[in-house]
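Subject: Structure handover

Hi,

Here is the structure I promised to send over. Please open it alongside this email.

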Amino acid sequence: MKDFKASSHRGQYHGNYADERIWDGARSSVDEDLECAVAMSLSEQDQKGKNVIGKLHEEDEQLAKALQESYPFAEDEQLAKALQESCPLEEDELLAKALQESGPLELAEDELLAKAIHESLLESPPQNRICAGCNTEISPLKILRRMDAIWHAECFRCHACNLPIKDHEFSTSGKHRFHKSCHKKPHPPICDVCKNFIPKNSAGLIECRERPFWKQQFCPSHEHDRTPQCCSCERMETRDRKYLLLDDGRKLCLECLDSAVMDTNECQPLYIEIQNFFEGLQMKVEQKIPMLLVQRQALNVAMDGEKNGHHHMRETRGLCLSEEQTVTTISRRPRMVDNQIIDVETEPCRLIRRCEVTAILVLYGLPRLLTGSILAHEMMHAWLRLKGYPNLSPEVEEGICQVLAHMWMESEIRSASGSDVASSSSSSSSSSSSSKKGKRSEFEKKLGEFFKHQIETDETSAYGDGFRKGNEAVLKYGLKRTLKHIQMTKNFP
């Protein structure tokens with residue numbers, strides 16, 4: 001209820017906005033003119049309110065009803081407050097503030113207001129939200145928007161001091177947030193696995209483990225807490241990024257999975273590429289040797305069935321068979337559900353001995369580049385047997401086989417970088433038909449460098465020392481002269 005004063009006479013206006021208006025008190029001609037003007041002004045204001053409400057009713061019945069019940073407002077501040085409560089988002093706060101500062105609204109402005117409110121409600125309907133910090137609901141009036149998420153103000157905390165961040169400006173490192181002042185202070189490195197600060201040991205020193213090639217650093221405890229690592233790139237699985245679980249217990253990171261070869265048919269183009277690579281080195285294998293992609297269990301069974309003592313890495317990934325066996329091969333690419341391999345279809349394959357080599361077996365589920373280097377290694381074993389290189393020592397045989405795997409990997413890396421393939425022109429010409437080969441991602445290029453680095457830095461006697469001696473001989477005398485010397489002396493030159 002508002003009181004109005006006119007001359008020396010007093011009167012009160014009674015009634016709601018759309019109700020009949022009644023005045024009490026004495027009247028004069030001046031008072032009557034003034035009263036008439038006031039009544040007309042009120043009528044115009046009422047009509048504006050009706051127009052706004054009518055338009056809002058057409059656009060949003062619920063909002064129109066709320067405005068109608070609360071109108072008239074004593075001051076524009078009440079209008080801004082009502083708008084803020086109905087649209088509590090940051091954008092609507094700015095709208096309410098702008099309305100408050102703009103003073104009384106004209107009809108055209110009211111129309112724009114109705115439209116703006118309706119569009120805002122359509123885009124962000126008022127409802128409870130989930131806090132990214134505590135995973136509980138947030139009242140619409142307590143929402144804090146930060147880092148593409150919403151938070152309780154007390155949940156948006158500094159990762160260093162654990163106090164709420166109230167400043168509009170803050171720093172981030174990965175998924176962690178910091179006060180600007182805290183981020184400038186020296187703090188322990190963050191573990192790439194658990195995403196926490198790497199703790200100090202009993203001596204008060206920060207003890208950090210690292211995968212040298214990938215620069216992945218982690219807490220020492222993860223070496224003993226059964227944290228999985230990728231069976232290909234050997235990076236540790238992180239808490240926020242789960243790896244694919246293969247049916248034999250191995251885990252494969254999603255980047256390596258992108259180029260993984262999963263069944264025998266899928267691997268055939270890559271096998272043809274390896275054969276062409278050998279032909280380009282004047283080392284063509286005339287015999288047709290079956291190549292099968294198999295599970296870990298089948299590979300281990302086949303290895304146990306070999307009478308000749310072959311030497312393999314700590315994780316057997318390939319095998320050159322010389323005995324007749326029945327091997328279970330993967331006939332169709334398995335399905336993946338919820339980061340897990342299911343429905344692995346296999347079939348038995350009877351291998352008949354037609355020459356010194358009955359088949360080449362390779363472990364399934366490895367990236368194309370790793371699969372190719374394993375094929376090149378096992379193909380060299382087959383070539384040595386077929387060409388009359390019997391009874392070589394593990395260091396010489398495994399070493400020269402690693403040299404061929406390394407040469408193929410180098411050719412792939414050069415091909416990816418646009419350089420000429422030094423070893424074989426036919427190798428690059430056949431690359432377009434190879435399995436999973438196309439425009440390589442930056443990760444796959446990096447992965448090729450990792451596999452090459454693994455061969456070069458292997459610490460075992462047969463694979464590591466054998467490679468380094470064999471590679472030195474090939475670089476000095478060439479591949480052809482080195483092989484001739486091995487055939488005659490069973491040693492590297």
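Below is what I found, grouped by topic.

One caution before the details: this is a predicted model.

Aromatic rings

The structure contains nine aromatic pairs. Take Phe213 and Phe450. Their ring centres are 5.4 Å apart and their planes meet at 55°, so this pair is tilted. The two residues come from distant parts of the chain, 237 residues apart. Phe213 sits in the loop between strand S10 (209-211) and strand S11 (216-218). Phe450 belongs to helix H13 (residues 442-457).

Phe450 also pairs with Phe451. That pair is tilted too, with 5.7 Å centre to centre and 55° between the planes. Are these two residues buried or exposed? Phe450 has 6% relative accessibility, so it counts as buried. Phe451 is buried as well, at 2%. Phe213, Trp214, Phe443, Phe450 and Phe451 together make up one aromatic cluster.

Helix packing

Start with helix H8 (residues 264-280) and helix H11 (residues 394-416). They pack at an angle of about 105°, and their axes are 12 Å apart. H8 is therefore roughly perpendicular to H11. On the H8 side, the contact uses Leu270, Glu273, Ile274, Phe277 and Phe278. H11 contributes Leu404, Met407, Trp408, Ser411 and Glu412. By type, the residues of this contact are seven nonpolar, one polar and two charged.

Next come helix H14 (residues 461-477) and helix H15 (residues 479-489). Their packing angle is about 125°, with the axes 7 Å apart. The two helices are therefore oblique to each other. Ala473, Val474 and Tyr477 of H14 meet Leu479, Arg481 and Thr482 of H15.

A covered helix

Helix H10 (residues 368-386) has 19 residues. From first C-alpha to last, H10 reaches 26 Å, close to the 27 Å expected at 1.5 Å a residue. How many of its residues are buried? The count is 18 of 19, so H10 is mostly covered. Gly388 follows H10 and has a positive phi, near 85°.

Met147 is not a glycine, yet its phi is positive, about 55°. Look for Met147 in the loop between strand S6 (144-146) and strand S7 (149-151). Its relative accessibility is 31%, so Met147 counts as partly exposed.

Lys490 is another non-glycine residue with a positive phi, near 65°. Lys490 lies in the segment after H15. At 34% relative accessibility, Lys490 counts as partly exposed.

An exposed proline

Where is Pro348? This proline is in strand S20 (residues 345-351). Pro348 is exposed, with a relative accessible area of 66%; the cut-off for exposed is over 50%. Leaving aside residues up to four places away in sequence, Pro348 touches Thr326, Val327 and Thr328. Between Pro348 and Val327 there are 5.6 Å in space, C-alpha to C-alpha, although they are 21 residues apart in sequence.

Best wishes

Key:
Residues are numbered from 1 along each chain as its sequence is written. This is a predicted model: local features need pLDDT of at least 70, side-chain atom pairs count only at pLDDT 80 or more; totals for chains, interfaces and linings use all residues. Side-chain values use heavy atoms; hydrogens and water are left out. Helices (H or I, at least four residues) and strands (E, at least two) are DSSP runs, numbered from the N terminus. The expected span of a helix is 1.5 Å times one less than its number of residues. Buried means under 20% relative accessible area, exposed over 50%, partly exposed in between (1.4 Å probe, protein chains only). Axes are lines fitted to C-alpha atoms, for helices over the stretch in contact, and angles run from 0 to 180 degrees between N-to-C directions. Angles under 35 degrees count as roughly parallel, over 145 as roughly antiparallel, 65 to 115 as roughly perpendicular and the rest as oblique. Contact means heavy atoms within 4.5 Å. Rings of Phe, Tyr and Trp (its six-membered ring) pair if their centres lie within 6.5 Å; planes under 30 degrees apart count as stacked, over 60 as edge-to-face and the rest as tilted. Ala, Val, Leu, Ile, Met, Phe, Trp, Tyr, Cys and Pro count as nonpolar, Asp, Glu, Lys and Arg as charged, and the others, Gly among them, as polar.
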